[in-house]
Amino acid sequence: MKVLKFGGTSVGSVESILSVKKIVEAQTEPVIVVVSALGGITDQLIRTSQMAVEGDSQYQKAFLEIAERHEQMIETVVPQGTGRDTLMAVVKSLLEELRSIYHGVYLIRDLSPKTQAAIVSYGERMSSRIVATLIEGAEWRDSRDFIKTERHGSKDVLATELTNELVRKTFPIVNGKCCVVGGFIATDKDSGEVTNLGRGGSDYTASIIAAALDASVLEIWTDVDGFMTADPKVIQTAYTIPELTYVEAMELCNFGAKVVYPPTIYPVCVKNIPIFIKNTFNPEAPGTVIKSEVKDDVRSIKGISSIKGTSLITVSGLSMVGVIGVNRRIFSCLADNGISVFMVSQASSENSTSIGVRDVEVGEACRVLNEEFEREIEDGKMFPMQAESGLATVAIVGENMKHTPGIAGKLFGTLGRSGISVIACAQGASETNISFVINQTYLRKALNSIHDSFFLSEYQEVNLFICGVGTVGGSLLEQIRQQQEKLMRELRVKLNVVGIASGHNAMFSREGLSLDDWHAQLRQSPASNTQRLRDEVIQMNIFNSVFVDCTASPEVAGLYSDFLDHNINVVAANKIAASSDYRNYRQLKQIAQKRGVKFLFETNVGAGLPIIRTINDLVNSGDKILKIEAVLSGTLNFIFNTISRDIPFSETVRMAKAEGYSEPDPRIDLSGKDVIRKLVILTREAGYEIEQQDVEAHLFIPDSLFQGSLDEFWEQLPSLDAEWERRRQELEKAHRVWRFVAKYENGRGSVSLQEFDPDHPFYVLEGSNNIVLLTTERYNEYPMLIQGYGAGASVTAAGVFADIMSLA
């Protein structure tokens with residue numbers, strides 16, 4: 001025999017209630033069906049009663065809406081000649097009773113708890129009658145006859161022994177029949193007055209019946225496919241958990257998972273009756289099964305649950321240390337006033353205890369606790385209650401945690417890297433639940449970070465803000481577009497571009513932007529400026545976020561410290577920050593280290609070549625860089641490799657700009673400033689303190705060309721062609737080549753144009769290639785050589801892409 005429970009959404013519409021009929025009639029063994037009120041009716045009943053007690057005559061209109069909905073449901077789903085007339089008469093009689101109660105409340109302006117309980121019972125009383133008539137061969141039973149409660153303080157609680165006895169008498173042998181009962185409702189065992197099992201009590205009703213009758217299974221049919229790893233409204237990658245233990249399900253329910261009413265689990269757990277969570281709207285889905293033991297699961301945690309709108313009350317005082325009975329007084333006081341505590345955290349020094357309550361109860365809780373400890377507060381032995389509201393409580397749940405060291409460390413490390421401060425935490429000795437309290441502002445970010453970190457998501461997500469859509473930024477976006485599916489398929493990494501900004505426009509979307517038509521979208525987006533860019537990126541407060549700077553803007557570089565300070569990783573093709581004032585450079589590195597995020601700028605030198613990463617590896621492994629010699633300007637290398645009898649010097653400069661090798665203003669490259677920046681960056685990464693002005697610059701074109709406008713520069717440049725051709729011919733006769741070399745040794749840095757013979761490593765350097773020679777304590781006699789493409793939009797974009805993937 002099975003017990004099936006259908007919630008309000010399952011009987012809330014014509015389509016769903018007909019699906020219930022189909023599901024029940026397809027059963028091959030005896031069933032007891034427990035139903036909730038039609039979806040939304042319980043709330044309507046309560047609102048209407050509030051209108052009546054406040055003297056609002058519109059309660060009559062609200063009542064008519066309730067009546068019309070039930071009557072329309074009957075006329076739509078129950079065919080003529082199958083008991084429709086009898087059913088309609090019964091429901092109209094119940095509605096007339098309900099009308100009379102409302103009218104009485106309206107007249108005397110009084111709504112006692114007893115009257116309210118009677119009013120809300122009509123939802124299940126009518127819905128169960130409808131379902132019993134709809135299902136062929138079904139019989140109706142009145143839950144008020146066998147679900148009994150007793151008064152315990154200010155609450156009605158289940159009279160377990162009496163209820164079990166009455167259930168067994170009511171359903172002695174089902175004999176292949178289907179019985180339908182209303183959930184939630186009950187009566188007092190002594191007075192017989194209508195009571196209930198609390199909101200969500202229909203689940204509890206079904207569990208009570210299943211346990212009393214030793215059912216083979218309890219099926220709870222709802223509007224979701226089962227327990228999810230997290231709230232799918234917050235985490236798009238959440239998925240259905242196939243199996244849970246009773247303990248795991250209970251922990252998730254207690255901390256906000258609304259799939260099952262928490263008390264439901266205990267009765268069937270004692271009898272070892274499995275619970276199946278199924279979807280009325282997707283009955284073929286496997287759902288979630290809750291039982292005593294589950295199959296081996298490699299995941300250390302099963303799911304994440306959370307409660308919004310929570311407050312933390314801190315009870316503290318020096319007199320609490322070593323005193324027996326303080327906690328008893330705290331919890332007895334709260335219990336006597338009907339205030340539920342869902343989390344407790346106590347310092348080992350015993351001088352403070354923090355308790356979690358709902359925001360709506362925090363004022364009353366503080367008041368009664370201050371009264372309870374009034375004498376101690378007056379004597380200064382204890383402090384007045386301190387409350388902090390606007391918080392959220394999160395729990396990670398899984399029985400495998402008890403067998404896995406380091407879960408708490410990983411959890412708090414994940415939160416720390418995301419910039420989320422934990423206000424209080426608690427873990428029981430069973431190790432199936434770690435609960436913690438955070439500012440509610442960070443709830444979405446926390447849930448996503450944990451879900452991603454513990455591999456509950458199908459993909460590891462990285463959320464990207466791309467700033468700059470020129471040659472490098474545009475190439476990067478195209479590379480990401482081309483690789484997205486492959487990365488998801490092969491590496492389970494999802495690159496989610498959540499922001500794109502140019503110098504004119506910017507667009508942002510937490511859900512992610514399509515890269516198929518981003519140009520058109522961006523042109524139609526609001527105007528961009530650094531203030532909006534900063535605010536949008538920080539306020540999105542999204543997990544695993546990376547700001548990617550593909551500009552050459554000092555204003556954008558000035559935002560890095562704010563981003564890092566908000567736990568946003570920074571990947572920069574922009575050289576300005578890493579080559580800026582040394583104090584700023586150190587500060588950025590220190591913020592990144594403190595916040596547990598990354599500040600990466602590999603493409604600042606050598607485009608996609610692994611130069612900075614290699615220097616970092618050498619230094620971090622204990623080696624010391626003694627000398628750096630490098631050809632670092634792909635632009636200048638292209639110019640000096642291209643100049644010939646047929647291509648004059650001025651034309652090579654124009655070609656470098658056209659090919660995308662040079663900066664928009666080539667004078668930056670020709671002045672050696674770009675190489676100076678790169679040398680400064682490499683020297684700093686090698687462990688030395690250096691500023692740009694410390695580097696000696698030996699220029700190879702007259703200083704006058706740098707003084708005027710860019711147009712004047714282009715006009716004057718051809719005047720140098722004759723002299724450069726003369727020098728080129730002399731160089732050719734000597735079988736030598738020009739290279740613009742950056743060098744750091746013995747505390748001195750310099751950049752200069754030098755000539756090299758065929759036997760030097762710098763001689764063979766094609767096109768825009770870069771080359772770096774690193775002399776270290778280990779690589780002394782034979783320096784380490786790194787060589788390859790050092791300029792170009794595609795290779796620079798590929799280097800930025802590599803930095804992003806190192807974060808992923």
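Okay, one definition before anything else: buried means under 20% relative accessible area, exposed means over 50%, and partly exposed is in between, with a 1.4 Å probe and protein chains only. Keep in mind that this is a predicted model, where local features need pLDDT of at least 70, side-chain atom pairs count only at pLDDT 80 or more, and totals for chains, interfaces and linings use all residues. Residues are numbered from 1 along each chain as its sequence is written, and side-chain values use heavy atoms, with hydrogens and water left out.

Let's talk salt bridges. Side chains of opposite charge can pair when their charged atoms come close. The cut-off here is a side-chain nitrogen of Lys or Arg within 4 Å of a carboxyl oxygen of Asp or Glu. How many salt bridges turn up in the whole structure? The search finds 43.

I'll also mention helices and strands, so here's the rule: both are DSSP runs numbered from the N terminus, H or I with at least four residues for helices, and E with at least two for strands.

Now, R329 and E376 form a salt bridge at 2.8 Å, N to O. That pair links distant parts of the chain, 47 residues apart: R329 sits in helix 10 (residues 326-336) and E376 in helix 12 (residues 374-378). R329 counts as partly exposed because its relative accessibility is 21%, while E376, at 18%, counts as buried.

Next, a pair within one helix. D674 and K678 make a salt bridge, with their closest N and O atoms 3.2 Å apart. They're 4 residues apart in helix 25 (residues 673-685), so about one helical turn separates them. Are these two buried or exposed? Both D674 and K678 are buried.

Then there's R726 with E730, a salt bridge at 2.7 Å, N to O. Both lie in helix 27 (residues 721-733), 4 residues apart, or about one turn of the helix. Here R726 is partly exposed at 39% relative accessibility, and E730 is partly exposed too, at 47%.

Last stop, the strands. Strand 11 (residues 275-279) is mostly covered, with 4 of its 5 residues buried. Two strands pair if DSSP finds at least two bridges between them. Strand 9 (residues 217-222) runs parallel to strand 11, with 5 bridges joining them, and I220 has I277 as its bridge partner. Strand 12 (residues 288-291) runs antiparallel to strand 11, through 3 bridges; there, I275 stands opposite I290.
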